[in-house]
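Please walk through this model with the structure open beside the text.

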Amino acid sequence: MPPTLALAWLVMLLVALWALAPGLFTPHSATQGVAGQQLLAPGAGHLLGTDALGRDLYARLVYGAVHSLSGAFVAVAVGLLFGTLLGLIAGALGGRTDAVIMRIVDVLLSVPALLLSLSIIILLGFGTLNAAIAVGVASVASFARLARSESVRVRRSDYVEAAFGSGGRFSAVLWRHVLPNSLTSVIALAALQFGSAILSISTLGFLGYGAPPPTPEWGLLIAEGRNYIASAWWLTTVPGLLVVAVVVAANRISVGMRKELS
């Protein structure tokens, strides 16, 4: 395994452990501050310093992992499920059904993802779950286009034609042959979209459309620290670097998966 890929898996494993068992990594509270310990610089007592309310920044990052990662999982699941279903139906049926579905996909792709996410979250309301659903809906078009192209390729293969020729039902052939053999590139895209979902959810949190305070969501942490960037640089720099590290790690894993599956 290349060193960069191993490092990427290490980063993702660490944040996953943060999300599953945050209490094992820090004794501090993520929401309760300590009087007299406001805006302390990184040091022995507080590894990454404290914020304006005396809350440990490292603890807030650790406890915030569950919000960012769970939101990204929901977003990827929504995009993967509905996008793959639409693309599979369009590629397998073809004709007018394919034309209608792909025109809808083209319309969705013509709208910037952030603008589409903002429009959806305004309809659904604020919160991490709604932000995740909005990001997932915005990614449906990308999954649908890729799934459609893969299903068209598989649909024209000899073994699929043989399955139809031997009397196989359309739904059975679609489930047993077309779908499994169309998922190779879609799975790699899901890994790539996971990093993009974290970035998008953090962006929505930064803009105030995600989890409300005092939830330690990564994008919200960056937004809360921007007023103190001159005197407490760590409040924005450290969460920003963490988001970048996780997104880059997810992208590197996606590239590795694509090479292995191809």
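Lys259 counts as exposed, because its relative accessibility is 61%. The cut-offs are these: buried is under 20% relative accessible area, exposed is over 50%, and partly exposed is in between, with a 1.4 Å probe and protein chains only. Lys259 sits in helix α9. Ser185 is 74 residues away from Lys259 in sequence, yet their C-alpha atoms are 10.0 Å apart in space.

This is a predicted model, in which local features need pLDDT of at least 70 and side-chain atom pairs count only at pLDDT 80 or more, while totals for chains, interfaces and linings use all residues. Residues are numbered from 1 along each chain as its sequence is written, and side-chain values use heavy atoms, with hydrogens and water left out.

Now the other case. Asp56 is buried, because its relative accessible area is 3%. Asp56 belongs to the loop between α1 and α2. Beyond its neighbours within four places in sequence, Asp56 is in contact (heavy atoms within 4.5 Å) with Thr26, His28, Ser29, His46, Leu47, Gly49 and Thr50. Gln37 is 19 residues from Asp56 in sequence and 9.1 Å from it in space, C-alpha to C-alpha.

Step back to the whole chain. The protein has 9 helices and 0 strands. Helices (H or I, at least four residues) and strands (E, at least two) are DSSP runs, numbered from the N terminus. The C-alpha trace spans about 75 × 45 × 25 Å along its principal axes. Of the 262 residues, 45% count as buried. Among contacts with a separation of 6 or more, 69% are between residues 24 or more positions apart.

Last comes the open space. The largest pocket holds about 360 Å³. Trp9, Met12, Phe73, Phe194 and Ile253 are the closest to its centre, out of 17 lining residues. A pocket is an open set of points on a 1 Å grid over the protein atoms alone, where a 1.4 Å probe fits, with protein on both sides within 12 Å along at least five of seven lines; lining residues have an atom within 4 Å of a point. The volume is the space filled by probe spheres set on the points, which are joined across faces, edges and corners. Which helix gives the largest share of the lining? That is α1, with 6 residues. At least two lining residues each come from α1 (3–20), α2 (57–93), α7 (170–207) and α9 (234–261).
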